[in-house]
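Here is a short briefing to read with the model open beside you.

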Amino acid sequence: MTSLLLVEDEKKIADFVILGLQSEGYEVTHMSDGVSGLEAILNSTYDLVLLDIMLPGKPGTEVLQSMRDSSIKTPVIMLTAKSELTDKLLGFKLGADDYLAKPFFMEELTARCKALLNRNQNTNTEAITVGELTLDKITRRVNWRERSMILSQREFTLLEYLMRSPGNVFSRQQIMQFVWGIDFNTQTNIVDVCIQRIRRKLVNTEKDDLSDFPIESIRGIGYKIKKSD
Ligand code: CA
């Protein structure tokens, strides 16, 4: 069973998160202060840690630093208030894997958890395949049908992010946060531009039907990789 640790002092948020994660089939351990949270991390094994920043005893950023100093590589999602942007950037440097600003929807949190858990399960394999699309993690080479291209770092990270969870729709905001590490500028079209670049590299407009291309744009929401049949 997938085991998650939640370190969160606000009871209302904790109850809501625990209920949501349990309904997804995860086993959830809850600690409500930084000291017991760190103790749990050092003494047990979890698949994923959800870590609040403002905590009694020890702030989330210190918990994260201590765990990384102890070479514990468990993925961490930081839960932050919108106003804690500097803490967030600090957390990024300390090695958090993802962030979620409060308030958030449970669907969003479970999607992030799934993406990180999948990513971690597959870190030892060198290639990811979805249908006719193959991504080589060592060479950053992507293959689709007869085309074979090298992706830039951003293009690669974006495509890998989508390919980790086929069928899952990711918002532009989520993609931006994961690939570029920013979530405060929603006006930019960098996500669309990056996806266009990937498409241009792979689609042979003389031969391929554009609608066959596995990255699907979901109007008004974002993008997904089509599940292979
Ligand atoms: Ca808090």
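In the largest nonpolar core, which has 29 residues, Leu159, Leu162, Ile175 and Ile215 touch the most other members. A nonpolar core here is a set of buried Ala, Val, Leu, Ile, Met, Phe, Trp, Tyr and Cys residues joined through side-chain atoms within 4.5 Å. Buried means under 20% relative accessible area, exposed over 50%, and partly exposed in between (1.4 Å probe, protein chains only).

This is a predicted model, in which local features need pLDDT of at least 70 and side-chain atom pairs count only at pLDDT 80 or more, while totals for chains, interfaces and linings use all residues. Residues are numbered from 1 along each chain as its sequence is written, and side-chain values use heavy atoms, with hydrogens and water left out.

**Nonpolar cores**

- Helices (H or I, at least four residues) and strands (E, at least two) are DSSP runs, numbered from the N terminus.
- With six residues, H6 gives the most to this core.
- Leu159 touches Leu133, Leu135, Val142, Leu151, Ile198, Ile215 and Ile225, leaving aside residues up to four places away in sequence; contact means heavy atoms within 4.5 Å.
- Another core, of 20 residues, lies apart from the largest one, and its members include Val17, Ile18, Tyr26 and Cys113.
- As general background, nonpolar side chains tend to be buried together in soluble globular proteins.

- E6 and E7 run antiparallel and are joined by four bridges; two strands pair if DSSP finds at least two bridges between them.
- Thr129 has Thr134 in E7 as its bridge partner.
- Two residues lie between the strands of this hairpin, where Gly131 takes a positive phi near 60 degrees.

**The calcium site**

- Asp9 (OD), Asp52 (OD) and Met54 (O) coordinate the calcium ion at 2.1 to 2.3 Å. Donors are N, O and S atoms within 2.8 Å of the metal (3.2 Å for Na, K and Ca), and since water is not among the atoms, sites may look incomplete.
- The donor residues follow the sequence spacing D-x42-D-x1-M.
- Asp9, in the loop between E1 and H1, and Asp52, in strand E3 (residues 48–52), link distant parts of the chain, 43 residues apart.
- Asp9 is partly exposed at 32% relative accessible area, while Asp52 is buried at 2%.

**Salt bridges**

- The structure holds 16 salt bridges, each a side-chain nitrogen of Lys or Arg within 4 Å of a carboxyl oxygen of Asp or Glu.
- Glu10 and Lys102 meet in a salt bridge at 3.6 Å, N to O. This pair links distant parts of the chain, 92 residues apart, with Glu10 in the loop between strand E1 (3–7) and helix H1 (11–23) and Lys102 in strand E5 (residues 98–102).
- Glu10 is partly exposed, at 41% relative accessible area, but Lys102 is buried, at 14%.
- Asp98 and Arg112 form a salt bridge at 3.1 Å, N to O. Asp98 sits in strand E5 and Arg112 in helix H5, 14 residues apart, and both residues are buried.
- Salt bridges that share partners join Glu8, Glu10, Asp52 and Lys102 into one network.
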